[in-house]
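Good morning, everyone. Please look at the model on the screen, and follow the strands with me.

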Amino acid sequence: MKKDYNNYQMQDFLDDSSFRSWVLDPNPELDAFWSGILQEHPQILQELNLASGFLKELRFKDLNPGPAAQNRLWEKIQAEIPAKRENSMLRKILPWVAAAACMAVLLWVNLKTNESWTTETTQFAQIKEVSLPDGSQVKLNAGSELNFQASKFKSDRILTLKGEAFFNVQKGESFVVKTDLGEVKVLGTSFNVYARGDFMEVSCFTGKVSVKFNKSNTETILTPGQKISNASNSSSTENFVPGESKIWTEGFFYYSDAPLIRVIEELQRQYAISSFEIPSGLENKSYKGFFRKNNLEEAIESICLPLQLKGQIIDKKLYIKKVE
């Protein structure tokens with residue numbers, strides 16, 4: 001078996017008869033061999049010197065190099081290795097022991113810090129209802145992730161969201177939803193947060209909602225029937241009628257001037273479509289309309305017909321084409 005000189009340690013050198021012969025009774029052939037090994041693996045020089053020094057310290061040169069003598073010699077090595085190796089190895093591993101101790105402390109701190117974090121996720125075509133420790137309710141849309149620290153939540157109501165969720169918040173201390181694109185603060189209200197890719201939109205259904213996008217220093221207060229997105233750099237809001245507007249929680253997905261790619265991605269999440277193809281140049285084509293989550297073919301038609309497109313599912317993949 002080819003020896004792994006690249007990872008040779010002191011014990012490996014001492015076990016190597018060729019190395020012992022080279023140290024105790026060198027000759028040109030062994031010199032050439034071990035010089036070549038060192039040139040090819042210079043990183044083993046320190047271990048090699050330790051092993052060489054150890055052998056010389058045992059005064060191997062005074063012993064008969066025959067087989068019987070070699071056995072006696074090796075028995076002597078084995079008898080003396082523990083004490084020598086202990087000191088040598090202790091010096092060598094001390095920094096690693098210290099590093100390991102530091103890592104253990106950091107790991108312990110990290111575990112203590114994160115022990116009470118709860119993560120709720122949804123797969124494609126899945127919607128999940130989550131009850132928070134303060135009694136607030138969250139409906140998590142497909143392909144989304146929600147994180148919160150359960151043990152501290154009643155006194156520190158902070159969550160992180162990736163995706164989309166509808167919140168019905170119990171009254172109490174400040175309730176904060178953080179996303180990669182901005183932050184939403186409320187006291188007691190119901191609202192929807194959509195944060196996917198580079199687009200974030202917040203809609204207020206009851207109470208008041210404070211919204212601040214990462215790219216803006218402006219804080220906007222939404223009242224019921226108002227929504228705002230980061231699509232423009234302004235702080236202008238849009239109006240809707242909460243009691244009459246059906247949203248994803250009821251299986252309706254409405255869009256007003258939304259890029260086609262965003263609509264198709266939502267369709268993919270709701271119907272667990274494996275992948276899709278859109279003709280080049282149409283990804284950002286504006287779409288205004290809606291689709292429902294009750295029939296895939298109807299949903300595809302609802303999206304494609306207004307844009308003079310045609311969609312077809314083949315092996316769970318959606319192909320969008322222009323109508324000839």
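Start with Ser190: its bridge partner in β9 is Thr206. This is a predicted model, where local features need pLDDT of at least 70, side-chain atom pairs count only at pLDDT 80 or more, and totals for chains, interfaces and linings use all residues. Residues are numbered from 1 along each chain as its sequence is written, and side-chain values use heavy atoms, with hydrogens and water left out.

Now the strands around that bridge. Strand β8 covers residues 190-196, and it pairs with β9 in the antiparallel sense over 7 bridges. Two strands pair if DSSP finds at least two bridges between them. Helices (H or I, at least four residues) and strands (E, at least two) are DSSP runs, numbered from the N terminus.

How many residues lie between β8 and β9 in their hairpin? There are 2. Gly197 sits in that turn, with a positive phi of about 60°.

β9 has another partner. Strand β12, residues 226-229, pairs with β9 in the antiparallel sense over 3 bridges. Here Glu201 has Ser229 of β12 as its bridge partner.

Is β9 mostly covered or uncovered? Mostly covered: 6 of the 8 residues in β9, residues 199-206, are buried. Buried means under 20% relative accessible area, exposed over 50%, and partly exposed in between, with a 1.4 Å probe and protein chains only. Cys204 counts as buried because its relative accessibility is 0%. Cys304 has a relative accessible area of 3%, so Cys304 is buried too.

What about disulfides? The structure holds 0 of them. A disulfide here is a pair of cysteine sulfur atoms within 2.5 Å.

Next, Arg196, which belongs to strand β8. Arg196 counts as buried because its relative accessibility is 12%. Its side chain joins that of Ser144 in a polar contact of 3.1 Å. A polar contact is a pair of N or O atoms within 3.5 Å; within protein, one must be able to donate a hydrogen and the other to accept it, and residues adjacent in sequence count only if both atoms are side-chain atoms. Leaving aside neighbours within four places in sequence, Arg196 is in contact (heavy atoms within 4.5 Å) with residues including Asn141, Gly163, Glu164, Glu266 and Arg269.

Finally, the whole protein. It has 7 helices and 18 strands. Of its 324 residues, 38% are buried. Take contacts between residues at least 6 apart in sequence: 46% join residues at least 24 apart.
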